[in-house]
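Here is a short report on a two-chain model.

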Amino acid sequence: MGKTIQNTIRRLRFDHREMTQQELADKIGVTRQTVNAIELGKYSPSLEVAFRIAEVFGMPLEQVFQYEVKRG
Amino acid sequence: MSFREKSAWISFLCILVVGGLWLADVIRVEFYGVRHGNPLVYFLGLVTALVVGEIVLHVAIALQSPHEARTPEDEREKLIDLKATRLAFYVMIAGGWLSIATIHLRFSGFDVSQCILGSIIIAELTKFGAQIALFRRDA
């Protein structure tokens, strides 16, 4: 049983006038590479960064990040 | 490639080159008994070359991407640094104990100090090597 944190950052960036990873990175105070790693699910951000991302998109946290339990 | 990854590559390669030259000199002296000039001057020359090489190359990549160079480390980069430093610490501890053990092999004080220096070099290579691997894996 695996647990993963999924996110919708890529779609949200697209919906927000095709915001680039660099623009999002500048707004939340991390590097572009970190935004890329978060988007790909390779790095789980701290609560603070997660809240900052949600704030940029004007969304509640649970609409940006979802905690999923994969069975099998 | 990010600025921090480039920086890790520079440090890794500089230490690898300078450490390799140092090791070649140790082998030359210990196994073949060939000594060229004063060992302290040679060692200080290597340290100077390492410092100058690192500064010049870091300035070069900072000029290439000034915005990234000015940006402080973010949480992921700090985590990568911590993980790499922890791994290097174990290497350093193992090297320290092995260096102490060489006393029982009747190594001279100078030889023990060379073993400790070798441990530091290997630990540094481990640190920057681990940083590069972690940057690549999370890229």
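## A helix pair in chain B

Is the crossing in which α1(B) passes α2(B) left-handed or right-handed? The crossing is right-handed. A crossing is called left-handed if the near helix is turned anticlockwise from the far one by less than a right angle, and right-handed if clockwise. This is a predicted model, in which local features need pLDDT of at least 70, side-chain atom pairs count only at pLDDT 80 or more, and totals for chains, interfaces and linings use all residues. Residues are numbered from 1 along each chain as its sequence is written, while chains are lettered from A and ligands numbered from 1 in the order in which they are written.

Helix α1 of chain B covers residues 3-32, and helix α2 of chain B covers residues 39-64. Their axes come within 10 Å and cross at roughly 160°. That makes α1(B) roughly antiparallel to α2(B). Angles under 35 degrees count as roughly parallel, over 145 as roughly antiparallel, 65 to 115 as roughly perpendicular and the rest as oblique. The axes are lines fitted to C-alpha atoms, for helices over the stretch in contact, and angles run from 0 to 180 degrees between N-to-C directions.

On the α1(B) side, the contact includes F3(B), I10(B), C14(B), V18(B), L21(B) and W22(B). On the α2(B) side, Y42(B), L46(B), L50(B), L57(B) and I61(B) are among the residues that make it. Two residues are in contact if their C-beta atoms, placed from the backbone, lie within 7 Å. By class, this contact has 13 nonpolar, four polar and three charged residues. Ala, Val, Leu, Ile, Met, Phe, Trp, Tyr, Cys and Pro count as nonpolar, Asp, Glu, Lys and Arg as charged, and the others, Gly among them, as polar.

## The two chains

Chain A has five helices and two strands. From the N terminus, the order is β-α-α-α-α-α-β. The radius of gyration of chain A is 12 Å, close to the 11 Å that the globule rule gives for 72 residues, so chain A is as compact as a globular protein of that length. The radius is taken over C-alpha atoms, and the rule is 2.2 Å times the number of residues to the power 0.38. Buried residues make up 21% of the chain A total. Buried means 20 or more other C-beta atoms within 10 Å of a residue's own, exposed means 12 or fewer, and partly exposed lies in between, with C-beta atoms placed from the backbone.

Chain B has five helices and zero strands. Helices (H or I, at least four residues) and strands (E, at least two) are DSSP runs, numbered from the N terminus. The C-alpha trace of chain B spans about 50 × 30 × 20 Å along its principal axes. Of its 139 residues, 19% count as buried.

## Where the chains meet

The contact takes ten residues from chain A and nine residues from chain B. On the chain A side, the largest share is three residues from helix α3 (residues 32-39). That side has four nonpolar, five polar and one charged residues.

## Two positive phi values

E18(A) is not a glycine, yet its phi is positive, near 50°. It sits in the loop between α1 (9-15) and α2 (21-28) of chain A. With 8 C-beta neighbours inside 10 Å, E18(A) counts as exposed.

R106(B), also not a glycine, has a positive phi of about 60°. Its place is the loop between α4 (75-101) and α5 (109-138) of chain B. R106(B) counts as exposed, with 7 C-beta neighbours inside 10 Å.
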